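We will go from stop to stop, and at each one you will select something and look around.

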Amino acid sequence: MLDALAASDPSSVLVVDNCSSTLHSRLATGNAAPTPTRLITVEYDIRDDDPEGTNFYRLEGVSAEIIQKILERRYPVLTSIDISTIVNFSDGNSRVALALASTATKGGELAALGDETLFRRLFDQNQASSDELIRAAEAMSLLYSFNGSDTGPASELSILAKLADLSMRAITRQMSELKNRGLLQSRAEWRAVLPHAVANRLAGQAVTAISIADLTTELLQGPERMARSFSRRLGYLHHSAVAQSLASDLLADGAWLSDVYGLDDFRFGMFENLAPVVPAEALACFERAFWVASEEQLRSYRSQAIATILRAIAYEAALFDRASRLLIRLVEAEEKDSSSDSHLATFASLFHCFHSGTHASIDQRYQVVERLVQSAEKSQQDVGLGLLEACLSDWNKYQSLEPDFGAHKRDHGWWPRSLDEMMAWYRPFLSLAVKLINGRGDVAPRIELMLAEAMRGLWTSRGIWRTLQSEIENIDASRQWPEGWLALRTIRTLDEKHFEDGEREALDALCAKLRPADLAGNIRSKILARGSFGAEDYSDDDTIDDVHARHHRSHDEAVELGRVAADDLATVSALMPQFLTNSSGGLKVLYFGKGLGEAFVRPDQVIGMFREELAKVDRASVGLVTGFLQGWKLKDANAVEAFFEAAIIDDVWGRWFTYLQCGVGLDSRACQRLIQILESGRAPVDTYTALMYGRATDPLTVPEIVRLIQAISATRAGVPVAVEVLRMVIFSSAEKPKEYANELALAVCAFLQYMNWADVANRGVNFDAELQGVIKFAVKRAGVFDAVRQSFINLLAFGRSSAGKYREFGHYAGPYFRFFPKDALDLVFQPDDNGRYTTGLRLVGNALGRRIETPVKNIEDCVLVEWCGGSEDRRRFIANACKLYEKVESDDEDGILELSAILLALAVSSTNKPAFLNILFDRVERSSINGPYSSNLIRAREIYFRTRTGNDEVDQLLATRAQQLTGEIDAQLAAEQAEEEREGRNSFE
């Protein structure tokens with residue numbers, strides 16, 4: 001072929017795979033013509049052969065990402081789970097990955113290399129087959145990794161040699177041979193046979209050849225590390241009868257690994273490794289443990305790992321029911337919260353139409369849900385409702401939960417292959433939901449909201465509107481379902497352009513069926529709709545874009561409904577608990593209350609009903625009451641004033657007084673009432689955040705606002721509230737006359753002067769931003785530093801006492817330094833008891849906001865130079881805190897960093913330049929960048945080399961330091977390399 005190619009087309013390329021050294025030499029010799037053909041030969045191990053005229057290239061393993069893309073392209077039938085497992089086992093060897101993928105598509109396993117030809121090519125590599133080598137490799141493969149440097153009599157290598165029936169010298173020699181063949185990798189003292197596909201095959205042969213007694217005595221009952229490593233290898237051998245036998249013995253009732261809650265972390269780790277080998281036995285262990293487990297054990301951290309294993313076991317339909325019963329027990333036992341990794345979330349992930357991670361049948365899962373939601377136990381009802389919600393969902397947010405489970409070949413579980421199969425999934429769960437709604441039991445309201453929230457996804461995204469239509473038609477005609485009606489109206493408005501033939505007519509018919517039929521139904525639909533339906537309400541004439549028109553229309557409807565409800569006090573009374581707990585109606589509840597207040601002939605009678613209901617609850621939404629008072633005020637302002645005058649001495653109204661008064665509006669008398677009821681203790685101080693909203697303080701004068709702020713901040717808990725209220729007053733002052741803003745600034749200065757900084761420290765980023773805005777407003781308008789001097793002195797005192805743990809001093813001090821730089825520097829430039837300026841530097845060096853700035857960085861260079869004057873101490877103080885770098889434009893996208901002008905100016909004027917430059921060197925070389933410390937030093941050397949000040953002494957000191965850094969950089973690089981080598985000592989485990 002070579003001769004033929006050379007004669008016909010000299011530009012051809014001949015590629016010979018699996019080419020031995022002998023064949024390569026013959027080809028190279030025969031290709032020595034004046035115009036040779038381009039020749040490429042491929043072999044796993046060329047040993048020491050080095051033919052003349054040949055260039056050698058070693059191809060390393062490819063990245064996991066590349067192998068994954070190759071497999072996805074060539075084997076689209078494989079699931080992402082299978083591909084991930086194959087990538088892990090192939091260890092960068094694409095040929096191994098392709099062989100495993102090919103086996104998997106034919107029903108084979110993922111863990112071990114089944115291609116005999118490829119295995120022999122990888123293992124023998126054109127060398128004579130060696131029984132000693134194969135026995136050594138099999139023994140080494142029994143452990144996921146082993147210590148290959150310790151050759152002592154009790155070493156791991158000694159135990160492996162015994163299992164292989166080899167001497168220490170022989171197994172050491174074969175270990176070197178495996179490394180030469182690229183089948184053994186090293187990390188410091190640790191060794192591992194790789195790729196895992198080869199190791200798993202070898203281990204499978206080993207457990208068959210070596211007696212179970214020897215495996216048990218030498219490995220499972222040997223050193224803990226070896227036992228854990230062996231269990232991990234066994235976890236990949238689920239097809240091996242020997243591995244199954246070993247695992248079953250360890251997990252049997254009363255055996256070493258059977259008591260899952262009594263195991264230490266080491267033994268439970270072994271249990272996790274072995275569970276994939278014998279899932280049924282692992283499940284039996286859990287059943288025995290749960291039978292006697294305490295509630296404390298079921299809530300322990302161990303249960304999170306158990307839940308993950310149970311979910312993996314539930315993949316098999318035959319084990320699903322048993323695993324489900326245990327997961328239910330865990331869900332019932334856990335403390336209820338909204339954690340995304342809760343047991344309920346783990347369990348519910350098995351009940352999605354797609355990516356469920358189980359092949360349990362629809363009926364199996366339906367039986368679990370039905371039994372739970374119809375249980376007399378509320379805890380089980382709650383679990384069942386969580387599962388039903390998952391069953392009705394059109395999206396599985398937990399679809400990435402599928403964990404590795406040994407080397408089992410797995411997909412994402414059952415999923416519908418057609419629209420008919422998808423309808424077969426949803427129909428029984430929809431029927432169950434409708435049945436429970438018609439049953440009017442305790443769970444009915446929750447299921448109504450659940451089904452309404454799921455309706456658009458099922459109708460539009462899943463396209464099963466016909467199934468949904470037939471099920472909704474079965475809802476009792478006398479049953480009002482506001483959220484269902486609103487969901488249908490939302491679908492009609494947002495998705496109409498995608499409708500099929502007959503879809504609009506079906507939707508209109510259902511809307512007509514569910515349309516509210518009486519006042520209570522209209523109120524529940526228009527005002528008290530739960531979930532996402534409280535925010536939007538689409539009418540027949542609405543479009544997607546007319547947001548403002550929708551809101552105006554819904555508010556007008558709310559007022560009108562309130563007026564109508566004024567003639568039906570019994571309906572309002574019946575719905576009162578829903579009004580007080582509604583959190584989604586927003587302004588619609590307020591406008592409804594306004595219409596109610598406008599229309600009632602004797603509003604004072606309704607006030608009594610409101611008070612009676614509020615006395616029953618600790619928390620409530622008082623939007624209805626606020627709106628009612630607004631409507632009542634339009635009719636009879638004096639009567640509303642009389643209500644508030646009486647309410648300030650009423651303990652029930654006191655809890656909600658601030659919200660109501662701010663909602664109705666403030667004036668001088670209202671301000672006095674707010675102060676009076678706060679001082680009486682009836683109104684909680686945290687309710688005064690109501691002053692922040694709706695520009696509530698706009699009608700008040702600055703003195704009135706001051707008196708309010710003083711009353712609020714009289715207690716420590718009230719100071720943060722006062723700050724937040726002041727921030728909103730300041731925001732509103734932008735539209736006030738200049739005189740108002742100036743008067744307000746003086747008041748804020750006074751507030752800051754007596755404010756205790758400890759009361760506002762460490763309250764979060766948002767609050768810090770609010771407080772900084774208050775400080776900046778006051779300091780900017782102070783005019784003279786004396787107006788803010790005391791507040792800055794107080795801030796300094798607090799910073800000095802707490803600077804070690806309080807990071808936001810600079811955040812608050814920034815405005816003082818920006819507007820009064822010299823005065824602020826004079827006060828902060830105070831020595832500690834030891835004569836140094838450590839605390840002062842810590843304060844001015846603290847982070848200013850989220851950017852890496854300090855208060856001094858906001859001061860102009862000329863001001864800093866003037867402040868320093870002839871003081872060397874001041875120069876050094878500023879050198880430690882001023883701007884370090886300036887970015888100079890260059891062709892580099894990020895620009896070039898140069899030392900700042902102020903730093904160089906101070907260096908040139910310094911009377912002790914070596915000492916001053918040492919400060920500069922320390923800051924530059926310790927300033928953080930991404931990467932190791934050597935990168936800092938390299939960058940520093942570059943900066944020193946290119947910096948020129950025009951001062952011979954400074955320039956010489958910079959050049960000298962740059963030269964010194966060369967040796968330090970070499971030493972640091974060596975130290976970092978040594979550290980990398982030490983980190984590489986980690987085991988393959």
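**Stop 1: His355**

Select His355, which is partly exposed because its relative accessible area is 26%; buried means under 20% relative accessible area, exposed over 50%, and partly exposed in between (1.4 Å probe, protein chains only). His355 sits in the loop between α19 (343-348) and α20 (362-373). Helices (H or I, at least four residues) and strands (E, at least two) are DSSP runs, numbered from the N terminus. Now look at the backbone: phi of His355 is near 55°, a positive value in a residue other than glycine. Most residues other than glycine have a negative phi, and most peptide bonds are trans.

A word on what you are looking at: this is a predicted model, where local features need pLDDT of at least 70 and side-chain atom pairs count only at pLDDT 80 or more, while totals for chains, interfaces and linings use all residues. Residues are numbered from 1 along each chain as its sequence is written, and side-chain values use heavy atoms, with hydrogens and water left out.

**Stop 2**

Next, select Arg440, in the loop between α22 (419-439) and α23 (444-461). Arg440 has a positive phi of about 55° although it is not a glycine, and at 42% relative accessibility it counts as partly exposed.

Then jump to Pro195, in the loop between β5 (190-193) and α10 (196-209). Which form does the peptide bond from Leu194 to Pro195 take, with omega near 0°? That bond is cis.

**Stop 2: the whole protein**

Zoom out. The protein has 50 helices and 7 strands. Of its 989 residues, 50% count as buried. The accessible surface comes to about 46000 Å², of which 49% belongs to carbon and sulfur atoms; such areas come from the Shrake-Rupley method with a 1.4 Å probe, and for residues only the protein chains shown count as cover.

**Stop 3: covered places**

Zoom in on Ala101 in helix α5 (residues 94-105). Is Ala101 buried or exposed? Ala101 is buried, with a relative accessible area of 0%. Leaving aside neighbours within four places in sequence, Ala101 is in contact (heavy atoms within 4.5 Å) with Leu71, Tyr75, Leu78 and Ile86. Draw a distance between the C-alpha atoms of Ala101 and Tyr75: these residues are 26 apart along the chain, and the separation is 7.2 Å.

Thr571, in helix α29 (residues 569-581), also deserves a click. Thr571 counts as buried because its relative accessibility is 15%. Leaving aside neighbours within four places in sequence, Thr571 touches Leu519, Ala520 and Ile523.

Now select helix α42 (residues 809-819), where 9 of the 11 residues are buried. Among them are Phe809, Tyr812, Tyr816 and Phe817.

**Stop 4: salt bridges**

How many salt bridges does the structure hold? There are 47; a salt bridge is a side-chain nitrogen of Lys or Arg within 4 Å of a carboxyl oxygen of Asp or Glu.

Show the side chains of Glu218 and Lys162, which meet in a salt bridge (2.8 Å, N to O). The pair links distant parts of the chain, with Glu218 in helix α11 (residues 212-220) and Lys162 in helix α8 (residues 156-164), 56 residues apart. Glu218 counts as buried at 15% relative accessibility, whereas Lys162 counts as exposed at 56%.

Glu735 and Arg695 form another salt bridge (3.4 Å, N to O). These two lie 40 residues apart, Glu735 in the loop between α38 (718-732) and α39 (738-754) and Arg695 in the loop between α36 (668-680) and α37 (702-712). Finish this stop by selecting Glu448, Arg479, Glu483 and Arg530 together: they are linked in a network of salt bridges.

**Stop 5: a surface patch**

Val42 lies in the loop between β2 (38-41) and α3 (64-74) and is partly exposed, with a relative accessible area of 35%.
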